[in-house]
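Please read these points with the structure open beside you. They are meant to be checked one at a time.

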Amino acid sequence: MYDPLVNAHPGVGAPHSPSYWVDTAGTAPEDDGPVNGAMDVEVAIIGAGYTGLSCALHLAREHGIRAVVLEANQVAWGCSGRNGSFARISGGRVPLAELIKRYGPSTAKAYFDEMTAGLNTVRGLIADGQIDCDAQPDGVFKVASHATHVEGLKREVGLYNDVLKYGAKFVEADNVKAVHNGAEAFGALYMPDGFSMHPLKLAWGIHRQARAAGAKVHTRSPVTEWHSGNGSHRLVTPGGVVTARRVVVATNGYTSPALNKATAGRVLPVHSQIIVTRPLTAEEKRQSLVGSECMFDTRNLLSYYRRLPDDRIMFGGRSAITGRDAENPQHRQNLHDAMCRKFPALAGIEVDYNWGGWVAVSENSLPFICKVPGLDNVFSAGGYAGSGVSFSVQAGKRLAQMAAGEAQPTAIDFLHQVPKRFPFQPFLRIGQRLAYAWYRFKDAQ
Ligand SMILES: Cc1cc2nc3c(=O)[nH]c(=O)nc-3n(C[C@H](O)[C@H](O)[C@H](O)COP(=O)(O)OP(=O)(O)OC[C@H]3O[C@@H](n4cnc5c(N)ncnc54)[C@H](O)[C@@H]3O)c2cc1C
């Protein structure tokens, strides 16, 4: 599997990783094929995931700029075509109490409002583009997987209510059973906003809208070299060189340090993996995920799960550290074990699909939407830490504002700061192994 810390770029036209989403998405929409010869453009966007596609769409629609998107493989080949499908009020992985402590209540509220705006941007694109992406009814449960987590969840509900003025509520364990009928559910924090859908269909829908608005999306076009000077950037792809005045880097967890020294080491690619079971029988459904809402638990190495429209269970969580180890069957078994601990009625159930991808974690565990230092007119967003479906779409919209000339499109300063580079880069993965061991120990308490 492509490993951003090992390989120079993600490939040239590699097919989508086999997944439930690929098998159920239908036919891929047209794109503009590989770059063919020299091109001179105002804005080039590297990466055709939600960030890049949303940026291209908003540049065309709201700023009259017809950008060119360069994608190594296929539209939404990265996280955007293979994620866990939850569009929530989320972005990054900083607990709410910590966010309030770090930045104060009013900045935390402004950030919450921006995340909410992200969810509404996704809803708006689905409605405007009539994207048929199997969107499910709203509702998100954060389930206490241990009795000792209940008090913390109740305090979190209090912060949502009092500081953010948001109507989250605590659901007692007996009532959680109505949607989550199994073990490891000692109560839950419920958020009324947030829904699941078909992530690849969503990406293709945004792609269609971006092209209809005038953007070009060139697949099979990895940027293999980048030369800057005289107010422009020369992006070398196998099919030709693209010269651009402004560049948007939307490669997120799939960013190789070889792309450009200025963007290297700003995110840590962390592997997340998903299994999908065969469809449940009516009795298995009654004994497991009765509801179809988005669910995740309170562990440090958390699991996320939902029942799909055809009654399969999708269950995901952290897995391998390196690309070389990603195919190790032990990771799939670990997810199966974790699912069956929650839902003993599913013991031994067959798994029909299994895949993974690279989420991007920044040094402060929060997203960034910034100007890249040391390069003229280069902008980047990422670091959503596995919670980026709606926030990447919003970040793409904000990046479009920046590429169109706006210095800082929100009042949330931390969002626009350049992410620090991870220290001791050669040892990153050793640190990650130690952190995982510590989290596993804590999660077992
Ligand atoms: C298994 C998994 C489950 C997840 N579940 C959820 C979830 O339920 N909810 C949620 O909110 N978030 C989830 N996420 C995270 C979410 O999917 C991402 O935050 C979001 O899709 C990021 O979009 P993006 O456009 O920034 O990056 P990506 O979609 O990863 O796109 C980056 C693109 O850049 C391209 N690229 C890289 N280098 C080059 C180059 N040199 N030249 C050209 N192209 C290049 C790649 O090929 C790739 O297509 C999950 C992620 C994974 C992997």
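1. The model is predicted.

2. Val-372 sits in the loop that runs between β17 (368-371) and β18 (378-382). Its relative accessibility is 3%, under the 20% cut-off, so Val-372 counts as buried. Beyond its neighbours within four places in sequence, Val-372 is in contact with Ala-262, Thr-263, Val-378, Phe-379 and Ser-380. Val-418 is 46 residues away from Val-372 in sequence, yet their C-alpha atoms are 6.9 Å apart.

3. Helix α11 (residues 428-443) has 16 residues, and its first and last C-alpha atoms are 22 Å apart, close to the 22 Å expected. Its buried residues are Leu-428, Arg-429, Gln-432, Tyr-436 and Asp-443. These residues lie on the same side of α11 because they cover an arc of only 80° around the axis. They pack against β12 (267-277), β15 (313-318) and β16 (351-362).

4. The whole structure contains 25 salt bridges. One of them joins the side chains of Arg-245 and Asp-40, at 3.4 Å from N to O. Arg-245 belongs to strand β11 and Asp-40 to strand β1, so this pair ties together parts that are 205 residues apart in sequence. Arg-245 is partly exposed at 30% relative accessibility, whereas Asp-40 is exposed at 56%.

5. Asp-310 and Arg-312 also form a salt bridge through their side chains (3.0 Å, N to O). Here Asp-310 is partly exposed, at 30%, and Arg-312 is buried, at 12%. Elsewhere, salt bridges with shared partners join Glu-184, Asp-297, Arg-299, Arg-341 and Lys-342 into one network.

Definitions and conventions: Residues are numbered from 1 along each chain as its sequence is written. This is a predicted model: local features need pLDDT of at least 70, side-chain atom pairs count only at pLDDT 80 or more; totals for chains, interfaces and linings use all residues. Side-chain values use heavy atoms; hydrogens and water are left out. Helices (H or I, at least four residues) and strands (E, at least two) are DSSP runs, numbered from the N terminus. Buried means under 20% relative accessible area, exposed over 50%, partly exposed in between (1.4 Å probe, protein chains only). Contact means heavy atoms within 4.5 Å. The expected span of a helix is 1.5 Å times one less than its number of residues. The arc is that of the directions from the helix axis to the C-beta atoms. A salt bridge is a side-chain nitrogen of Lys or Arg within 4 Å of a carboxyl oxygen of Asp or Glu.
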